[in-house]
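Let's take a walk through this fold together. Keep the viewer open and follow along.

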Amino acid sequence: MTATKEVSAKERIIRTAHELFYKDGIRATGVDRIIKEAGVTKVTFYRHFPAKNDLILAFLHYRHGLWITWFATALKKEMAQSGKLCLALPQVLSRWFLSPEFHGCAFINATSEITGVLPEALPVIREHKQDMADTIAQCLPDTPQRIQTAQKCALLVDGAIVQAQREEDREATVALLQACLADFTQ
């Protein structure tokens, strides 16, 4: 018999917000829906998150932790198999793009949705994108161009994410990304 750890109300709220914000959008998801789906009272919700903006920031931090951990682990595994970033990075992204849970980048989406009304989100978004570039840099040879090359790769990744979000043929996006990466990551 295994003991199950009960999830706190705050954790249920964050997990519910994560699912709804990422799938349906931050602006399109109201607090009342989060309260209902998390199974908490309004008093409990507002005790943990006095305003929706507080929850949005918590969501961004939560999403960052989940995504960057997955990305770093998956990229390290692919690099061990292929040894080349131009092969490993598209493989990792392909798995994400082709999953039914893919709804683009939560941070790109948040940038367009909320940074005008919640400028406090911008440093969190920038940190996420920097961590992504840093993770990519760890897979590159230690040369003077390493950081710049990682930033180029991160820019290509962001473009591929947006294209995969809008196009039906996500495999073509991955193939194009691989071709672009091959130009400067040999």
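Among contacts between residues at least 6 apart in sequence, 65% join residues at least 24 apart, where contact means heavy atoms within 4.5 Å. Before going further, a word on provenance: this is a predicted model, where local features need pLDDT of at least 70 and side-chain atom pairs count only at pLDDT 80 or more, while totals for chains, interfaces and linings use all residues. Residues are numbered from 1 along each chain as its sequence is written, and side-chain values use heavy atoms, with hydrogens and water left out.

What is it built from? The protein has 9 helices and 0 strands, both taken as DSSP runs numbered from the N terminus (helices are H or I with at least four residues, strands are E with at least two). Read along the sequence, that gives α-α-α-α-α-α-α-α-α. The C-alpha trace spans about 55 × 50 × 35 Å along its principal axes. Of the 186 residues, 45% count as buried; buried is under 20% relative accessible area, exposed is over 50%, and partly exposed is in between, using a 1.4 Å probe and protein chains only.

Now for the inside. In soluble globular proteins, nonpolar side chains tend to be buried together. Here the largest nonpolar core has 61 residues, and Phe71, Leu75, Leu89 and Ile136 touch the most other members. Such a core is a set of buried Ala, Val, Leu, Ile, Met, Phe, Trp, Tyr and Cys residues joined through side-chain atoms within 4.5 Å. Helices H1 (9-24), H2 (31-38), H4, H5 (85-97), H6 (106-114), H7 (121-137), H8 (146-166) and H9 (170-182) each supply at least two residues of this core. H4 gives the most, with 12 residues.

Next, look at Glu78, which sits in helix H4 (residues 52-82). Is Glu78 buried or exposed? Glu78 is buried, because its relative accessible area is 9%. Leaving aside neighbours within four places in sequence, Glu78 is in contact with Gly83, Ala88, Gln91, Val92 and Arg95.

Leu85, Leu89, Leu93, Trp96 and Phe97 of H5 meet Cys153, Val157, Ala160, Ile161 and Ala164 of H8.

H8 also packs on H9, where the axes come within 9 Å and cross at roughly 165°, so H8 is roughly antiparallel to H9. On the H8 side the contact includes Cys153, Leu156 and Gln163, while the H9 side includes Arg170, Thr173 and Leu176.

Finish at Arg15 in helix H1. Arg15 counts as partly exposed because its relative accessibility is 41%. Leaving aside neighbours within four places in sequence, Arg15 is in contact with Val7 and Tyr62. Arg15 and Ala150 are 135 residues apart in sequence and 31 Å apart in space, C-alpha to C-alpha.

Terms used:
Axes are lines fitted to C-alpha atoms, for helices over the stretch in contact, and angles run from 0 to 180 degrees between N-to-C directions. Angles under 35 degrees count as roughly parallel, over 145 as roughly antiparallel, 65 to 115 as roughly perpendicular and the rest as oblique.
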